[in-house]
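Here are some friendly notes to read with the model open beside you. Take the points in order, and find each residue as you go.

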Amino acid sequence: MRTMWKGAIGFGLVSVPVRLYAAVQEHGLRLHQVHDEDGGRIHLKRVCDACGEEIDYEHVAKGYEDDEGNTAVVTRNELAGLPLPSKKLIDVLAFVDADRIDPLRLSGAYYLAPESAAADKPYVLLRETLKRTERVAVTKIALRTRESLALLRVHEDLLVLHTMYWPDEIRDSQGLAPSSSVTVRPQELKMATSLMDTLSEDFDLGALEDEYEIALGELISAHLDHRPAPRKKTTTAPDNVIDLMAALQASIDSASGKGAPAKAAAKSTPSATPSGRAKKAAESSRGASKKAVAKKTTARSTTAKSGTAKTATAKTAKKTAAKKTGRRVS
């Protein structure tokens, strides 16, 4: 694993020399621009709009244009000479409770490893103190000449650094939430909770995979092998939820495996939607209830008839016995 940054964690008079490594690696097939008719590669060139010449990368500087159209040109040497206290130091600003940091603020993730055996002791001391107090450290760090806020926390036996957005980089969400007048019933909350519990059973995060990336790989392989491109079915989003409770119940049945036949029937009909399946599930449930009531009514009727027949038989036997003995039957 390649070292991205070398420096030290500093809090108070304690210094912990560390190395920084990328904690995540995004996978994906790299695509480039080509001419759709002959597949020729398309190259982008750096051309100056003032002189019209192609510019080598070594002569590319940074520029800022104000509202009046004036441009300030800043060279690489000037950028390198700017003061950057956090260039080689992860400067701890404060230790706070972990639940005070909104995950919305987190950006990149990096592993921090001790620089040498001599750094193991202060490294473990900081790690165990954070773990015992259930706190995280808010810090500053400079990566690629840009200073960022960062969060230092414990992950298993390592310290992990998350770069963070500055407070003014988080957009205001006012006006995006649903109306405060919308309420949900207790039974709806109960059903939604039951659905969450059902979906959480035997969930394995490590078994998840990028279906789009797999489909893209199959598409590229088909083109390379001169085969027809495979067709993938896309699941359509529901256009309307008619009955929330029916939709929740149908979702629970489907997730628990009870709705397998209904699910297969829905797949065979192209126009079937999740809301339509929910409606059918509700109708099916009501039909089942009616059948159950009908069965009970029939059973009671049969029992009553049986009892009446037994009573009539008993009376007939009683009259016959009375005739033989000469007594009146009351």
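1. A definition comes first: two strands pair if DSSP finds at least two bridges between them. Strands (E, at least two residues) and helices (H or I, at least four) are DSSP runs, numbered from the N terminus. With that in hand, look at Asp97, which stands opposite Arg135 in strand 7.

2. Before going further, please note what kind of model you have. This is a predicted model, in which local features need pLDDT of at least 70, side-chain atom pairs count only at pLDDT 80 or more, and totals for chains, interfaces and linings use all residues. Residues are numbered from 1 along each chain as its sequence is written, and side-chain values use heavy atoms, leaving out hydrogens and water.

3. Now follow the strand pairing. Strand 1 (residues 5-11) and strand 5 (residues 89-97) run parallel and are joined by three bridges; here Ala8 has Leu89 of strand 5 as its bridge partner. Strand 5 also pairs with strand 7, this time in the antiparallel sense, over six bridges. Within strand 7, Val138 is the residue opposite Ala94.

4. What does strand 7 form with strand 8? The answer is a hairpin with two residues between the strands, and Arg144 in the turn has a positive phi of about 55°. Strand 8 covers residues 146-155, and its antiparallel pairing with strand 7 has seven bridges.

5. Is Thr139 buried or exposed? Thr139, found in strand 7 (residues 135-143), is buried, because its relative accessible area is 0%. Buried means under 20% relative accessible area, exposed means over 50%, and partly exposed lies in between (1.4 Å probe, protein chains only). Strand 7 is mostly covered, with seven of its nine residues buried. Leaving aside neighbours within four places in sequence, Thr139 has contacts (heavy atoms within 4.5 Å) that include Ile90, Val92, Leu149 and Leu161.

6. Finally, visit the second largest pocket, with about 320 Å³ of space. A pocket is an open set of points on a 1 Å grid over the protein atoms alone, where a 1.4 Å probe fits, with protein on both sides within 12 Å along at least five of seven lines; lining residues have an atom within 4 Å of a point. The volume is the space filled by probe spheres set on the points, which are joined across faces, edges and corners. Among the lining residues are Trp5, Pro83, Lys87 and Arg144. Helix 1 (76-80) and strand 7 each supply at least two lining residues.
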